[in-house]
Amino acid sequence: MKISGSYTVPIPRDEAYKLLQDPVILAKCMPGTDHLEKIGEDEYEMKMKMAIASFSGLFTGKVKIADAHPPDNFMLLVEGSGKVGFLKGSGLLNLTPQEGATEVKYEGDVQVGGTIAAVGQRLLESTSKMIIKKFFEKFAEAATQPTT
Amino acid sequence: MATTTITKTEKLVGKAMRRQEDPRLITGSATYVDDIQMPGMLHACILRSPHGAANIKSVDIAAALAHPGVAAVYVGKDTEKVGPVPCGASLPGLRVPHHYVLAIDRVYFIGHPVAVVVATDKYIARDAVDLIEVEYETLQAVTDPEKAIGPGAPPVHPEWPDNVAFNYHQEGGDVDTAFAQAEVVVKQRITSQRLIPSSMETRGVVADYNTGDKALTIWSSTQIPHLMRTLVAQMLGAPEHKVRVVTPEVGGGFGSKLNVYAEEALMGFVAMKLGQPVKWIESRRENCMCTIHGRGHVDYFEVAAKKDGTILGIKLKLIQDLGAYHQLLTPAIPTLSVLMMPGLYRCQNVRADIVGAFTNAVPTDAYRGAGRPEATHGIERMVDILAAELKMDPAEIRLKNFIHNDEFPYATGTGLSYDSGNYAAPLHKAMDLIDYHNLREEQRQARSQGRLMGIGLSTYGEICAFGPSPATPAGGWESATVKIEPSGMVTVMTGSSPHGQGEETTFAQITADELGVGIDDVIVLHGDTAIVQYGIGTFGSRGTAVGGTAVYFALQELKKKIKKYGAMLLESEEVSFSDGVCVDHKTGKSVTLAEIAGASHRAMKLPPGTQPGMVETYFWEPPNFAFPFGAHAVVTEVNRETGDIEIKRYVAVDDCGNIINPLIVAGQVHGGVVQGLGQALWEQAVYDDNGQLITGEFMDYAIPRASMIPWIETEHTVTPSPVNPLGVKGVGEAGTIGCSPAVVNSVVDALSTLGVRHIDMPMTPEKIWNLMEGARA
């Protein structure tokens, strides 16, 4: 499944680029994220709860940053699996400055398998979009709050 | 209390009788596989592939094995010597992949079994499945049959990179000349989508091994207990006489249980290894994913005709989506479509080419109608397309091309011999019932008001009463034993294995009439290989036409014996037997069946050359198939705003030969039509490009609900079959076969004013709305 969209965050591009790769911020903003830990250069381990259609499940997996061209763009590679199946995704995030703010355009491909595909595929697109929207909302909030 | 025994002179054949099996079914006293409980019973759960295609790099079962309550975990290499899962069909050059019961180093479709966990309860087994770690290397999958056989497709089986399992060609008459002489040729690509059979009861297996006797008993929800016994014994290397298969109540099969699956042998293997009974019950998601699917055709039809509508020739290129393996009859199913492709029409010039395509999907196989709905849908759509091209009335073009009544038995261009027919009769009856000519006027008015009203016809034929043994993979006969107990009560044992068709009632009706007893004096037993003589099973609308005929012939043998005993007891040279009494017409003396039965068992005296007891067994080999036919007529209206299709009227006129129980026949037609509507309007098994089944449960797979079904008006014409003495033809699949083309023809008719010529199934509101939007643009 292809997904794409954009969201404007109210911080300058350099800052946005940095924060989008900050595990603390990401763990805080990604809905359902239980745990996010840096395990290598540009590589994180993640646990995430996700609910689609009639069931929910815990996914464990890895997030990797590749093809980074600060502060313009980077690739995000996600791979996770759990009792309800697996998911794989890749996305290109493009950051464009906009008068003190930053427009983040994303374009990606999500693949799911197992029960989650059989049961949840119908709702996958709307769920993905909702998760991404929630992420950016929280991200915008977190980015503009003073660090505690 | 009044006795329920009916007066013995009343004939029961032809009478609408409530089913003998229903009291236990509707009061919850029937036993299904999942109702079986045994001391020490273990429960199995199967780990299945989440990928459409992948190499298995490693399987780690340590954590699952260590889980409390887990008795055993088996993976592919443990069961390597079991099987393979059998393919019973043979075609020239057929490529048959080795179908292991558990995948060894590669998975070929979503749901492919990888490991089995056996535990003390089913929840522990399910939990432990999640503890198995499998490392997969995912591969590119292909699920579209046309893409699979096209250039650049990933190979389903690496040894056959073209994904072609077989090519099959059949030809009759002179097709090239027919097309050269044609004044008009119409062509259309017609698909018959993959369907999930969705029996109410999923599959289930219980296996129990007696270590002392070295004897295995398997309870399975199947249509073919005896064939399963033979095949599972082979798969397990067990001696056939020490394998017993019991088929308790079966909650629907529709062909999906006309099969031998990995799980039957797998549970046998587990029971033999552990010496404890084991149960596996398929979940609904597993049923969607791992039980065979039906249909899966892409058909390219060409019909050549004269300007007056006379059909001259038919060409068909058929691409069959086989899935990743051959189940029992997978490659044979599309060959039935070819046999049936001329339908009811006098066309000898036919050419068909089938390409069997491997895909990364669960195998397709027999589903209600098995090959014949696809063929009927094709030819009945093509005849409508031809009629539209020639601006002829769809009824007129059919009447013009029907095989004439004086041409039976009729040899088709595909090598069949149609037994008997009067094809115009049900069409006329359906047209009268639906008031066809006035409807066309009503349609003109509706159109002038901008309403989209459609009238659709289909006239179908089908191959039933499978079948002569030379034409079937496993023998096409059926067996019956009839016993008269010392008290005069009657036990019938049929080798066909009814599972919803009501043969405990229809066979009792036949028996009651022949012996002059009441229906409650007869019991019909089936579905246990330790009780019933070898039989073939129930499928292909064969139960009554073949199994019932075997009962009839066993009864004729038994009546000869009854008369011998009657003559002896009456000290007479010649007696007659009817209505349960032997009579010597010279003396007027008589003796009842019960007295005769008692005397034959007591055996104080025997008629010359006659054995004691009162049992006869008959194995009947049918000389031909039987060919039912009929006409369905459907009125629809399409909502311009939403694309919703409303079925205003549904008329089904079927000719299934003589009718034994009109109530059961109506029930079969109703059920069949509902499944036909499912295909026409709602159902479709969908895989995504990665081989994921995205219609994996009833939230996404749209089987019809009761509220979605229109009132179905059923009527009949009766053209007895000369193939069997009962004159019956079979009706189990008729409704499904006649339905889908009638509905699609009706909706295409409704949208014809917008220039719509063909619609592929399912005709969802979204599809119809888009078509209308396209037409507006």
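This is a predicted model: local features need pLDDT of at least 70, side-chain atom pairs count only at pLDDT 80 or more; totals for chains, interfaces and linings use all residues.
**Exercise 1. The interface of chain A and chain B**

What area is buried between chain A and chain B, and what percentage of this area do carbon and sulfur atoms give?

*Solution.* Begin with the area: about 1200 Å² is buried between chain A and chain B, and carbon and sulfur atoms give 52% of it. Finally, look for particular interactions across the interface: the count of salt bridges between chain A and chain B is zero, while two residue pairs are found in polar contact.

**Exercise 2. Two domains of chain B**

Identify the domains of chain B, and then describe how domain 1 of chain B meets domain 3 of chain B.

*Solution.* Start from the division of chain B, which gives domain 1 (22-30 + 477-620), domain 2 (41-139 + 202-250 + 257-290) and domain 3 (392-467 + 624-776). The centres of domain 1 and domain 3 of chain B, taken over C-alpha atoms, are separated by 39 Å. Their contact takes 20 residues from domain 1 of chain B and 19 residues from domain 3 of chain B.

The next step concerns area, and here domain 1 and domain 3 of chain B bury about 1300 Å² between them, with 66% of it on carbon and sulfur atoms. Within domain 1 of chain B, the residues that lose the most area to domain 3 of chain B are Gly540(B), Ser541(B) and Ala545(B), which together account for 34% of what that side buries.

Now search for interactions: the count of salt bridges between domain 1 and domain 3 of chain B is zero, whereas seven residue pairs are in polar contact across this interface. On the side of domain 1 of chain B that touches domain 3 of chain B, the elements giving two or more residues are α14 (503-515) and α15 (543-570) of chain B. The element that gives the most to this side is α15(B), with seven residues. By class, the residues of this side of domain 1 of chain B divide into eight nonpolar, eleven polar and one charged.

**Exercise 3. A histidine in a loop**

Decide whether His293(B) is buried or exposed, and find its surroundings.

*Solution.* First locate His293(B), which lies in the loop between α8 (284-290) and β13 (297-305) of chain B. Its relative accessible area is 0%, so His293(B) is buried, since buried means under 20%. The side chain of His293(B) reaches the backbone oxygen of Cys288(B) at 2.7 Å. Not counting residues up to four places away in sequence, His293(B) touches a set of residues including Arg194(B), Pro197(B), Asp365(B) and Tyr687(B).

**Exercise 4. A lysine in a helix**

Decide whether Lys559(B) is buried or exposed, and find which residues are in contact with Lys559(B).

*Solution.* The place of Lys559(B) is in helix α15 of chain B. Lys559(B) counts as buried because its relative accessibility is 16%. Leaving aside neighbours within four places in sequence, Lys559(B) is in contact with Glu514(B), Leu515(B) and Phe577(B). Lys559(B) and Glu514(B) are 45 residues apart in sequence, and their C-alpha atoms are 8.3 Å apart in space.

Terms used:
Residues are numbered from 1 along each chain as its sequence is written. Chains are lettered from A and ligands numbered from 1 in the order in which they are written. Side-chain values use heavy atoms; hydrogens and water are left out. Buried area is the accessible area (1.4 Å probe) that two parts lose on being put together, summed over both. A salt bridge is a side-chain nitrogen of Lys or Arg within 4 Å of a carboxyl oxygen of Asp or Glu. A polar contact is a pair of N or O atoms within 3.5 Å; within protein, one must be able to donate a hydrogen and the other to accept it, and residues adjacent in sequence count only if both atoms are side-chain atoms. Domain bounds come from an automatic or database domain assignment. Contact means heavy atoms within 4.5 Å. Helices (H or I, at least four residues) and strands (E, at least two) are DSSP runs, numbered from the N terminus. Ala, Val, Leu, Ile, Met, Phe, Trp, Tyr, Cys and Pro count as nonpolar, Asp, Glu, Lys and Arg as charged, and the others, Gly among them, as polar. Buried means under 20% relative accessible area, exposed over 50%, partly exposed in between (1.4 Å probe, protein chains only).
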